[in-house]
Every structure is written in C-alpha cells, then in structure tokens.
Amino acid sequence: GSNANDVTMNIRIKNKEAIWVSLTAIAGLEVARALITPDSVRVINRLENVYIKKPFSYLYEFTNNKINFATLQSVLVGNTISEFITGSTEVNIDGTKAGLKTSVGSIIYDLMVNNQNKVVQSSLKDTVASQSLSVFYGDFQAISQQQVPHSVVMKSQAKSKNISLDLKYTKIELDVPVEIPFRVPDRYTIKN
C-alpha cells in the first residue's frame, strides 16, 4: 500500500542454502526475523509474538511462480538469473552497456550489464499474471577483488500488491563462514 518504513536489515546468505534476514527498527530492537530456504519461508514477528512457517510457494503471493530460491538469491546479490538466459536470448550492445532480453513462457526477462559485466538493471515481467519485478543496482565497490553493488532498488507488483525496497548496503563480506540463528520462542503463536 502506501505504508513506508525505515528499518535496518541484516542479510546473510549461505549460497544455495539459506537467506536469513533480521529487521530492526526503533531503538535498534529486532521486530522480525526471516529464514528463506529452497523449500520454506519462516518468519518470526516479534511485534505480534507470531511465528509463520510456509512452503517456498508462499512467496508467489508477491511474485511469479517461476521464481525460485536461486532467482531470489541472484536478485539480492546482483547476479544474472541464469535460468532465464537461453539460446534464444537477444543481445543488444549500446555503447558501454549490453542489454539481454529473453522470454520463458509468459515471462519476459530484460537485463542490462555495464562494461565490467555487472548487472545494473534487471526486470521480470509477466503480463498474463499482472506481475513484475524491476531491480536497479548501483554504487559498485570492490570487495575481495569483486565489484559488488551497495545500492539495490526493487519494485515488485503482483496484481494489487506493490512493494518497493530501497536497500543501501553498509557492510558486505564475501566468502566468510555464515551463522544463521533462528530459534522460535515457546510463547509465540504458530500461524501456518
């Protein structure tokens, strides 16, 4: 809707296994924690003392059902979505940028990469399902000899639901051990 919230998100990604997110708000208090795996979405809502456990398909309320865990991970870190790059992908070079466009079923995938082959814009549109996801990457900085975006702007539209995220990464570490703490307090109500 028209609600806007300023929060701090800590995101940890264990490649191909888990995406962990902790949201803190006023006075640094954690308000929610999520754990997304290839088969499930689990959320602890600390404001309402509620725990939600759903199959990964729960995310289809907000996005297309062709989106999988690998797609979500690629979007968060600024990689190409490899399952949408096919032999029929069109390539268009415009100065220092290259555009790629392909269709898979009813989904059109548009991608723009810069002269360092880094994704600067990515778009998935399914006009049949009235869904779209646009992602813009910027403020690239070198980390462990890799150019990594520190700014990610996402706009998702699924039927009447619109979500916009404006992420500013302040600290990024690559190839380090990742802990994914996720424990549900006994007093929480379980909603499935």
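Predicted model: local features only at pLDDT ≥ 70, side-chain atom pairs only at ≥ 80, totals over all residues.
**The open sheet**

Six strands form an open sheet of mixed pairing, in which the order is β1-β2-β3-β4-β5-β13. The edges of this sheet are β1 (8–14) and β13 (189–191), each of which pairs on one side only. On average, and with direction ignored, neighbouring strands of the sheet are turned by 15 degrees against each other.

Within this sheet, strand β2 (residues 18–24) and strand β3 (residues 30–36) run antiparallel and are joined by six bridges, and L23 has A32 in β3 as its bridge partner. Helix α1 (residues 69–77) lies across β1, β2 and β3, and runs at about 55 degrees to β2.

In a regular strand, the side chains alternate between the two faces of the sheet.

**Strands β10, β11 and β12**

Strand β10 (residues 131–143) pairs with strand β11 (residues 146–158) in the antiparallel sense, and S134 stands opposite K155 of β11. On its other pairing, β11 is joined in the antiparallel sense to strand β12 (residues 161–168), where K168 of β12 stands opposite S151.

Both pairings are hairpins: β10 and β11 have two residues between them, and S144 in the turn has a positive phi of about 50 degrees, while β11 and β12 also have two residues between the strands, with K159 taking a positive phi near 55 degrees. The table sets out the two hairpins.

| Strands | Bridges | Residue with positive phi |
|---|---|---|
| β10 and β11 | 12 bridges | S144, about 50 degrees |
| β11 and β12 | eight bridges | K159, near 55 degrees |

Conventions. Residues numbered from 1 in each chain as written. Heavy atoms only, no water. Pairing = 2+ DSSP bridges. Helix = DSSP H or I, 4+ residues; strand = E, 2+ residues; numbered from the N terminus. Axes fitted to C-alpha atoms, helices over the stretch in contact; angles between N-to-C directions. Contact = heavy atoms within 4.5 Å.
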